[in-house]
Amino acid sequence: MSEQAAAAAKRPRPGRPAVRVVLSVVLVAAIFWYLLKGIDLGNVWANITAMTWLELATLAVIAGWNLATYALVWISVTPGLSFWRAMAMTQSTTAVANTVPVVGAPIGVGMTYGMLGSWGYSRSRTTTAVLVSGVWSAFAQLGLPVRALALVALQGNAGGARVTAALVGIAGLVGAVVVFALVLRSDEMAKRVGVLAGRGPVAGWELATVKSRSRTVDLLEHGWLPITVATLVSHLSLYLVLLVTLRHVGVSNTEVNWAEVLAVFAFARLATAIPFTPGGAGVVEAVLIGGLVGAGGDREQVTAAVLVFRALTWGLPILVGIATYLWWRRRGLRRPVQETASDVGVVAP
């Protein structure tokens, strides 16, 4: 088969993206219909409005901190990036990923290149930052269920379904670590992985992989600890929003203890590893409500808590992202600056 024919065969068929968007929207609608079927929405709303101003203020502070941790991760993988620029980029890209079906994540990655490029970061530096932040996030998503299950098991509450989910997480984590270690082991191994990943009409993957490997090794040699800490803090801050929300709407530690909440949260994060819907809409709610009710929580209280949690962690980033994007556009943040001669990614203040 010629290169032109192969490229034509891999080109998406007209209308296929539209079909995927429709299916994504239908899936979200079906999930919410099922979750809210037979539930007293009046009681759900009553549980939400029963929260005191102090409880609401506490949630606002924790939710704000959670958003800030996104920026901390990117500061750790992008030397020289300021906090406010990291906030502008992470919230803008999250807003797109949370609202645009199917192609939201790729568009967000493109925005990352555009915004970092406007501040003087080369495409290769951005690629390294995207790679490392993505891999560390995947490590956290895959490893968290294992740790959560261990905590639940110590309390004697580990069921078969949880063990199965944890084993899936272990297998995925081991596979990801092995591949990443092989890429970092040597230029020759990175080239081999690149050849395997790039089989088809597109050439040059092995060269890109080798270059990315050298930059990644350089970044991790001096920054693996802050990257790891920032990633864990970001994931655990998201969990903290869920835990505090549950307690504020009345789900006590006796009904669902903190370790069980962590386990359900970890499995919900694992379920969104493949983005079937924008921002995991519907999927996260289904896993959280099903898991927390199964652990002993009252269905209406759990539903109220999950809806508030998602408003703070899915809806709020959309509003903040719109504001940060406009701020980036209007405050002259697109003015390019030059990288240093060593190309370490340090930009002018």
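**Exercise 1.** Which residues form a nonpolar patch on the surface, and what is their accessible area together?

*Solution.* The structure is a predicted model.
Step 1. The residues of the patch are Trp65, Leu72, Trp224, Leu225, Val229 and Val233. Together they have about 540 Å² of accessible area.
Step 2. Two helices, α4 (53-77) and α10 (205-249), each contribute at least two residues to the patch. The most comes from α10, with four residues.
Step 3. Trp65 lies in helix α4. Its relative accessible area is 41%, and a residue joins a patch only with over 30%.

**Exercise 2.** Identify the salt bridge of the structure and locate its partners.

*Solution.* 
Step 1. The structure contains one salt bridge. Arg310 pairs with Glu285, and their closest N and O atoms are 2.8 Å apart.
Step 2. The pair links distant parts of the chain, 25 residues apart: Arg310 belongs to helix α13 (residues 299-330) and Glu285 to helix α12 (residues 283-294).
Step 3. Arg310 and Glu285 are both buried.

**Exercise 3.** Describe the surroundings of Ser92.

*Solution.* 
Step 1. Ser92 is part of helix α5 (residues 83-99).
Step 2. Its relative accessible area is 2%. Ser92 therefore counts as buried, the criterion being under 20%.
Step 3. The Ser92 side chain reaches the backbone oxygen of Ala88 at 2.6 Å.
Step 4. When neighbours within four places in sequence are left aside, the contacts of Ser92 include Met111, Met115, Gly321, Thr324 and Tyr325.

Notes. Residues numbered from 1 in each chain as written. Predicted model: local features only at pLDDT ≥ 70, side-chain atom pairs only at ≥ 80, totals over all residues. Heavy atoms only, no water. Patch = residues over 30% accessible without salt bridge, like charges linked within 9 Å, V, L, I, M, F, W, Y side chains within 5 Å. Areas by Shrake-Rupley, 256 points an atom, 1.4 Å probe, with all protein chains shown as cover. Salt bridge = Lys/Arg side-chain N within 4 Å of Asp/Glu carboxyl O. Buried < 20%, exposed > 50% of the residue type's maximum accessible area, 1.4 Å probe, protein only. Polar contact = N/O pair within 3.5 Å; in protein donor to acceptor, adjacent residues only side chain to side chain. Contact = heavy atoms within 4.5 Å.
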